[in-house]
Amino acid sequence: MTGYTPGAEEVGPSLAGTFKDMPDINVVRHGGKLLALGESATPFRLTPELATCGRETFDGTIPAGITAHPKVDPRTGEMAVFCYGLEPPYLTWSLLGPDGSTRRTPTAVPDVDEPVMVHDMALTERFLVLVLAPLYFDIAAAMRGGSMLAWCPDDGTRVALIPRDGGPVRWATSEAYWSWHNANACSSWTRRRWSSRASTTGGSVGATASSPSGRRRVPSASCPATTTPCCGSTRRPGAPCGGTPRSSRSASRASSRARATTTARTAGG
Ligand SMILES: [Fe+2]
């Protein structure tokens with residue numbers, strides 16, 4: 001979520017200098033609520049005249065918030081949401097009924113063992129689709145003055161297919177790539193076709209049988225040109241991750257939470 005720190009001339013002396021969230025990425029209407037959404041934070045509820053009512057936690061069932069691009073099923077009216085964070089569980093998903101009530105409280109996506117940036121999702125009749133590019137929050141690097149986001153193409157990109165009924169998550173993998181937004185998704189493959197493709201493409205699309213988490217290492221030589229992370233920094237194509245080793249990123253995560261939270265608010269798209 002982006003944000004800024006207003007002065008006394010804007011908000012008066014009592015609130016001057018305090019950080020203000022800016023849910024300025026998307027606005028959705030669902031369950032009789034108009035919600036302004038930030039990157040991965042609690043939405044703000046609005047009136048039809050765009051006055052701010054306050055934070056929306058869905059009766060306290062989704063306290064950590066959601067990202068800016070939830071998806072509504074046009075057939076059922078159900079809204080699927082997800083949220084990423086800097087501490088475990090790093091990635092969760094939830095479901096809201098057409099009346100706005102919570103059908104599924106935040107549920108951890110398995111096999112996500114460090115904070116990862118995920119901006120958008122897709123929705124099919126059966127699945128939430130989350131694309132996990134190897135773009136990790138690197139708090140230790142940020143505290144050294146570097147980029148808060150580390151691009152680690154050797155990890156490849158993973159795609160989580162999360163059954164809306166709560167069944168086991170399926171994973172697919174590919175060469176590393178980044179995408180801000182997903183245009184669409186559909187459930188057209190049968191299980192047989194999915195497995196067949198996975199076994200005949202040498203792993204360019206992976207299945208759950210041999211790699212439940214979908215995580216694998218892609219040879220560095222095949223690393224594609226890198227993306228421009230939302231922080232605005234760039235990395236040479238094929239260059240190593242360049243950030244802090246994964247173990248160190250984890251070790252420093254807890255002690256730097258406050259700083260990271262503030263910095264994370266600057267990431268958006
Ligand atoms: Fe966006």
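## Hairpin of strands 3 and 4

G31 takes a positive phi near 60° in the hairpin of strand 3 and strand 4, which has 2 residues between the strands. Strands here are DSSP runs of E with at least two residues, and helices are runs of H or I with at least four, both numbered from the N terminus. Strand 3 covers residues 26-30 and strand 4 covers residues 33-37; the two run antiparallel and are joined by 5 bridges. Two strands count as paired if DSSP finds at least two bridges between them. Within this pair, R29 stands opposite L34 of strand 4.

## Model and confidence

This is a predicted model, in which local features need pLDDT of at least 70 and side-chain atom pairs count only at pLDDT 80 or more, while totals for chains, interfaces and linings use all residues. Residues are numbered from 1 along each chain as its sequence is written.

The mean pLDDT of the chain (pLDDT being the predictor's confidence in each residue, from 0 to 100) is 77, and 69% of the residues reach 70 or more. Over residues 194-211 the pLDDT is below 50, and this stretch has 22 contacts in the model beyond near neighbours in sequence. A contact is a pair of residues whose C-beta atoms, placed from the backbone, lie within 7 Å. Residues 217-240 also have pLDDT under 50, and for them the model has 42 contacts beyond four places in sequence.

## Overall content and core

The chain holds 5 helices and 18 strands. Of its 269 residues, 35% count as buried. The term buried applies at 20 or more other C-beta atoms within 10 Å of the residue's own, exposed at 12 or fewer, and partly exposed in between, with C-beta atoms placed from the backbone. Among contacts between residues at least 6 apart in sequence, 53% join residues at least 24 apart.

The largest nonpolar core has 52 residues. Such a core is a set of buried Ala, Val, Leu, Ile, Met, Phe, Trp, Tyr and Cys residues joined through C-beta atoms within 7 Å. The residues with the most contacts inside the largest core are F82, V116, L128, L130 and I162. Leaving out residues up to four places away in sequence, L128 touches A80, F82, W93, M121, L123, I162 and R164.

Four strands form an open sheet in the order 9-10-11-12, with antiparallel pairing. Strand 9 (71-72) and strand 12 (102-108) stand at the edges with a single partner strand each, so one side of each is left without a neighbour in the sheet. Strand 11 (residues 91-96) pairs with strand 12 in the antiparallel sense over 4 bridges, and T92 has A108 of strand 12 as its bridge partner.

The loop between strand 10 (79-84) and strand 11 contains P89. The peptide bond from P88 to P89 is cis, with omega near -10°.

## Two further hairpins

Strand 6 (residues 44-46) and strand 7 (residues 52-55) pair in the antiparallel sense over 3 bridges. L46 has T52 of strand 7 as its bridge partner. The hairpin formed by strand 6 and strand 7 has 5 residues between the strands, and L50 in the turn has a positive phi of about 70°.

Strand 17 (residues 157-163) and strand 18 (residues 170-174) run antiparallel and are joined by 5 bridges. R158 is paired with T173 of strand 18 as its bridge partner. There are 6 residues between the strands of this hairpin, where G166 takes a positive phi near 90°.

## Positive phi in two loops

Most residues other than glycine have a negative phi, and most peptide bonds are trans. D59, in the loop between strand 7 and strand 8 (66-67), has a positive phi of about 60° although it is not a glycine. D59 is exposed, with 9 other C-beta atoms within 10 Å.

D111 is found in the loop between strand 12 and strand 13 (122-123). The phi of D111 is near 65°, a positive value in a residue other than glycine. D111 counts as partly exposed because it has 16 C-beta neighbours inside 10 Å.

## A8 in helix 1

A8 is placed in helix 1 (residues 8-11). A8 is exposed, since 11 other C-beta atoms lie within 10 Å. Not counting residues up to four places away in sequence, A8 touches P13 and A16. The C-alpha atoms of A8 and T18, 10 residues apart along the chain, are separated by 9.9 Å.

Notes
Two residues are in contact if their C-beta atoms, placed from the backbone, lie within 7 Å.
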